[in-house]
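Please look through the model before reading on.

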Amino acid sequence: RPGYRQPLKQQFGGVKAMFIRLSIAVIVLVICMFMLMTAMSSSYSSTSSAEINTEALWGTAASDGWRPSSTPRSDWPPPPSESNGYLRVRCNGGLNQQRSAICNAVLAARIMNATLVLPELDANSFWHDDSGFQGIYDVEHFIKTLKYDVKIVESIPEIRKNGKVKKIKAKQIRPPRDAPISWYTTEALKAMKEHGAIYLTPFSHRLAEEIDYPEYQRLRCRVNYHALQFKPHIVELSTSIVDKLRSQGHFMTIHLRFEMDMLAFAGCFDIFSPEEQKILKKYRQENFAEKRLVYDERRAIGKCPLTPEEVGLILRAMGFDNSTRIYLAAGDLFGGERFMKPFRSMFPRLENHSTVDTTGELGKNTMGLLGSAVDYMVCLLSDIFMPTYDGPSNFANNLLGHRLYYRFRTTIRPDRKALAPIFINREKGQTAGFEEAVRRAMLKTNFGGPHKRVSPESFYTNSWPECFCKKSAVNPADKCPSDDVLATLNSQLENEGITDFESSGSNLTSAVDE
């Protein structure tokens with residue numbers, strides 16, 4: 001019937017149009033799927049073929065022509081014969097936090113034209129060790145090395161006034177955290193001139209790290225990498241341990257930061273038993289500010305320290321085998337042997353300072369400043385250093401900076417944020433391509449070569465470019481200083497009438513002695 005033909009024709013046309021649109025959508029979907037599969041295949045192919053040359057890692061990282069240098073490159077007058085007064089500081093925290101504070105104290109003294117009193121190391125806040133500066137560092141070497149920069153005395157001398165001997169009483173001040181240079185040239189200097197001496201306490205992180213004057217930053221490097229030398233018996237003990245480890249070939253040091261304080265700080269509790277969680281939460285409540293911490297959230301963004309097993313899996317994925325010799329720099333691992341067992345099964349050749357110290361000296365002082373100093377030296381001299389948690393760890397951060405200055409010694413720095421989803425997927429049973437994914441993440445990290453400092457990376461972790469130079473540099477600021485710089489500095493000292501020092505030129509011009 002003619003009346004029905006037109007609607008039927010329209011219906012057929014509509015169905016046909018719908019079929020065509022659907023066919024186009026399917027074709028587009030197939031093309032997209034094909035492109036996605038091709039990309040995934042390409043990605044897998046590239047990562048599966050991505051290899052890390054572990055043999056090359058036993059050497060030093062590429063320097064690109066850079067070399068360590070903290071010698072002044074511009075006009076750097078010696079400390080005047082008359083200073084504005086005496087500066088005392090109390091360096092709190094552990095050995096490496098104190099080390100950074102000592103560097104800041106020297107710089108503060110230079111800024112204020114003050115005579116620095118040998119820094120005090122807090123005996124109670126961390127190690128409960130009263131060794132003090134004189135018990136850990138070579139005092140004579142410290143004073144001589146910094147003769148071009150500041151005047152240093154071991155104590156505030158007594159003064160004679162009106163026929164009487166009097167002691168100068170230092171005005172005690174609590175400096176602001178990360179104080180700018182302007183605070184030292186105004187408030188601190190005013191108090192020093194008024195009282196003759198000031199006592200800054202506590203002195204951890206009390207001077208801004210980022211200072212837009214390279215010569216001041218180079219002074220920090222001179223203190224950290226040249227003036228602060230451990231006492232001879234510590235150097236000898238550390239060297240004997242390194243010699244013993246190296247007698248069987250290359251060795252790696254790992255700062256296994258899986259200790260109660262760091263786990264409590266990070267808020268990573270869920271992998272522990274209920275009783276262990278109570279201990280961690282109690283420690284956190286007593287020592288850190290209250291904060292909402294969710295384990296899954298913290299772990300997903302790389303805020304949890306790597307477990308010993310995760311460290312082992314990273315090394316194995318990179319290509320290190322079970323013959324690798326490893327020195328562990330760590331305190332008491334929280335959770336005990338059950339966390340170490342998987343790591344030990346992968347890398348059985350493990351040592352620490354107690355197992356390789358033939359003198360027995362460290363057995364009496366494993367948790368004091370001596371044990372920390374020896375661990376520091378062994379990690380500095382090792383072929384490869386791997387920190388497992390370099391967030392707020394002063395030990396790891398200082399070593400990263402020292403090894404960079406020590407002619408770019410290899411470091412392995414796991415990117416916990418990039419690795420977190422890889423480990424989480426593995427725990428969910430997604431093991432295919434695990435090692436390739438780990439290698440891909442590790443290949444994006446820096447293995448100890450020169451690189452730009454980006455916040456929150458600390459100056460003490462990376463002093464490039466201020467404390468490095470090039471013989472042939474495009475930028476004049478990067479050019480190495482002339483060979484006669486020491487003669488100029490000595491001449492300036494003589495002009496100031498300062499002649500009671502022996503030459504310490506080798507301390508300034510050389511990098512860390514091999």
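The side chains of Arg218 and Glu215 meet in a salt bridge, with N and O 3.2 Å apart. The model is a predicted one. Arg218 and Glu215 lie three residues apart in helix α7 (residues 214-227), so about one helical turn separates them. Both Arg218 and Glu215 are buried.

A second pair is formed by Glu310 and Arg299, whose closest N and O atoms are 2.7 Å apart. Glu310 counts as buried because its relative accessibility is 9%, and Arg299 is buried with a relative accessible area of 12%.

The structure holds 20 salt bridges. Another of them is between the side chains of Lys470 and Asp64, at 3.9 Å from N to O. This pair links distant parts of the chain, 406 residues apart: Lys470 is in the loop between β15 (468-469) and α19 (485-495), and Asp64 is in the loop between α2 (54-57) and β1 (67-68). Asp64 is exposed, because its relative accessible area is 58% and the cut-off for exposed is over 50%.

The table lists three of these pairs.

| Salt bridge | N to O distance |
|---|---|
| Arg218 and Glu215 | 3.2 Å |
| Glu310 and Arg299 | 2.7 Å |
| Lys470 and Asp64 | 3.9 Å |

The next topic is a sheet. Five strands with parallel pairing form an open sheet in the order β12-β11-β10-β13-β14. Its edge strands, β12 (350-351) and β14 (410-411), each pair on one side only. Strand β11 (residues 326-329) runs parallel to β12, and two bridges join them. Tyr327 has Glu351 in β12 as its bridge partner.

The last topic is empty space inside the model. Rolling a probe the size of a water molecule over the atoms shows where such space is left. How many cavities of 30 Å³ or more does a search of the whole structure find? The search finds one. The largest cavity holds about 80 Å³ of space. Among the residues lining the largest cavity are Leu400, Arg403, Leu404, His451 and Glu457. Helix α16 (residues 394-405) gives the largest share of this lining, three residues. Sorted by class, the lining of the largest cavity has two nonpolar, six polar and four charged residues.

Definitions and conventions. Residues numbered from 1 in each chain as written. Predicted model: local features only at pLDDT ≥ 70, side-chain atom pairs only at ≥ 80, totals over all residues. Heavy atoms only, no water. 1 Å grid on protein atoms, 1.4 Å probe; cavity = no way out; pocket = protein on both sides within 12 Å on 5 of 7 lines; lining within 4 Å. Points joined across faces, edges and corners; volume = space filled by probe spheres on them. Helix = DSSP H or I, 4+ residues; strand = E, 2+ residues; numbered from the N terminus. Nonpolar A, V, L, I, M, F, W, Y, C, P; charged D, E, K, R; others polar. Pairing = 2+ DSSP bridges. Salt bridge = Lys/Arg side-chain N within 4 Å of Asp/Glu carboxyl O. Buried < 20%, exposed > 50% of the residue type's maximum accessible area, 1.4 Å probe, protein only.
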